[in-house]
Amino acid sequence: MLLNKKILLCVTGGIAVYKAVALVSKLSQAGAEVKVIMTESAQQFVTPLTFQAMSRNDVFVDTFDEKDSRVIAHIDLADWADLVVVAPATANVIGKLANGIADDMVTTTLLATTAEVWIAPAMNVHMYENKAVIRNMTTLHEDGYQFIEPSEGFLACGYIGKGRLEEPEKIVELIAQRFTSSKNLPLSGKKVVITAGPTRERIDPVRYVSNFSSGKMGYAMAEAAAALGAETILISGPVGLDKPVGMTVIDVESAAEMLEAVRTHFDDADIVVKSAAVADYRPKDIHPEKMKKQAGDSVIELERTTDILRTMGGMKTHQILVGFAAETNNAVGYGMGKLESKNLDYVIVNDVTDPAGGFGSDTNVVTLLSKRGTHQPFQAMAKTALAKVLFEAIIQEESEQLNDR
Ligand code: PMT
């Protein structure tokens with residue numbers, strides 16, 4: 001799976017270091033060449049010798065311990081790697097990286113590399129939720145670093161919660177997917193922009209107007225696009241889902257922010273899929289302070305948000321534009337109306353009253369309508385499976401246009 005891929009593993013000091021040993025073993029078994037750098041704290045848990053034996057390579061622990069006089073080790077390792085993985089990543093290394101601090105072999109190499117860097121945090125649940133740690137992770141997200149989210153469960157500190165290093169098998173699977181996607185897959189070299197989740201339109205600092213979208217459909221579309229080889233941009237409203245790796249995730253809150261993010265990525269996109277449930281209306285005035293209860297009823301005046309899809313329909317040149325339509329009756333009829341009025345290439349219609357589909361569920365039932373007049377109904381299936389078949393159907397119908405680009 002990973003034959004000849006060069007993976008640089010940066011191991012920092014947490015109890016999950018033992019899992020990093022298994023990770024090296026599994027990466028090597030998958031054919032990767034693995035080199036390991038350890039922080040001083042990581043060596044408190046496992047010795048470099050263990051990683052040396054597992055990787056069959058020297059282990060680097062000290063910036064000034066130059067093993068080969070012909071090269072400077074941290075630059076050489078930084079240039080050598082196809083992918084750098086920090087696992088486990090402590091709050092400390094996350095903080096240093098977010099602030100550009102390079103005071104040991106791991107952090108100097110991380111700053112020196114131009115390879116993709118994946119960060120797999122592992123720490124106590126309260127540390128993971130600490131505002132400073134969240135701030136640092138947000139900075140790193142914005143700087144283009146990818147995260148392998150920790151899983152939930154029993155933590156070594158005795159707490160139950162989020163903070164366990166993702167299992168080595170899963171990390172290897174994600175790395176394998178990452179390298180497969182650069183091969184000759186149907187969407188290799190294509191840029192796909194996906195929107196997902198709801199938008200929130202603020203009323204005051206503690207209240208908002210929104211809807212029940214969980215983001216599951218949009219995230220499944222994004223993961224399918226990435227698995228088919230696309231450079232994937234996921235623009236996500238506020239959802240409770242883990243951030244997928246292998247793509248750029250842009251968090252937005254309101255319809256206005258989503259419009260801005262879609263606009264930024266629209267010009268060079270090949271396919272744009274709008275799975276998000278964007279609010280059609282927002283409060284006309286956002287109250288700067290919490291609105292106080294009054295005797296009797298209250299009225300909030302709403303104004304229309306910009307229809308992002310319609311705006312993109314008016315701007316499109318070569319982009320294949322795919323909308324969703326969430327309907328409660330006459331789904332196909334209304335879907336066809338949206339296909340035409342918003343100048344779309346496809347609309348994926350879901351009757352959100354169907355118990356097997358719609359908002360929040362793991363499954364969906366949809367019909368794919370195209371501007372050429374084709375109707376393709378799909379039976380109820382998991383959103384993850386559905387996303388894949390929807391993309392396959394679109395790729396098949398658009399093979400000429402996609403090949404021409
Ligand atoms: O997130 P899940 O819980 O998995 O649920 C999935 C889903 C039901 C949200 C998804 O399958 C879906 O149907 N998404 C579109 C929901 C929606 O807003 O439909 P609509 O018919 O109101 O809008 C039609 C299209 O216009 C959509 O592509 C929407 O993104 C877009 N739109 C709408 C309003 C607006 N201001 N800007 C837009 O771009």
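Which backbone oxygen lies 2.8 Å from a polar atom of the side chain of Ser55? That of Phe51 does, as described under View 1. The model is predicted, and local features need pLDDT of at least 70, side-chain atom pairs count only at pLDDT 80 or more, and totals for chains, interfaces and linings use all residues. Residues are numbered from 1 along each chain as its sequence is written, and side-chain values use heavy atoms, with hydrogens and water left out.

**View 1. Ser55 in helix H2.** Ser55 belongs to helix H2, residues 48-55 (helices are DSSP runs of H or I with at least four residues, strands are runs of E with at least two, and both are numbered from the N terminus). Ser55 is buried, with a relative accessible area of 8% (buried means under 20% relative accessible area, with a 1.4 Å probe and protein chains only). A polar atom of the Ser55 side chain lies 2.8 Å from the backbone oxygen of Phe51.

**View 2. Helix H5 and its start.** At the start of H5, the backbone nitrogen of Val106 has a side-chain oxygen of Asp104 within 3.3 Å.

**View 3. Trp118 in strand S5.** Strand S5 covers residues 116-121 and contains Trp118. Trp118 is buried, its relative accessible area being 0%. The C-alpha atoms of Trp118 and Ala53 are separated by 24 Å, and the two residues are 65 residues apart along the chain.

**View 4. Polar atoms around the ligand.** An oxygen atom of the ligand lies 2.7 Å from a backbone N or O atom of Lys274. A nitrogen atom of the ligand is 3.3 Å from an N or O atom in the Thr305 side chain, and a nitrogen atom of the ligand is 3.0 Å from a polar backbone atom of Ile308. Taken alone, the ligand exposes 770 Å², of which the protein buries 96% (areas by the Shrake-Rupley method with a 1.4 Å probe).

**View 5. The shell around the ligand.** The ligand is surrounded by 29 residues, the closest being Ser213, Ser214, Lys338, Asn350 and Gly360 (a residue counts as near if one of its heavy atoms lies within 4 Å). By class, this shell has 11 nonpolar, 11 polar and 7 charged residues. Strand S17 gives the largest share, 4 residues.

Key. Polar contact = N/O pair within 3.5 Å; in protein donor to acceptor, adjacent residues only side chain to side chain. Nonpolar A, V, L, I, M, F, W, Y, C, P; charged D, E, K, R; others polar. Buried < 20%, exposed > 50% of the residue type's maximum accessible area, 1.4 Å probe, protein only.
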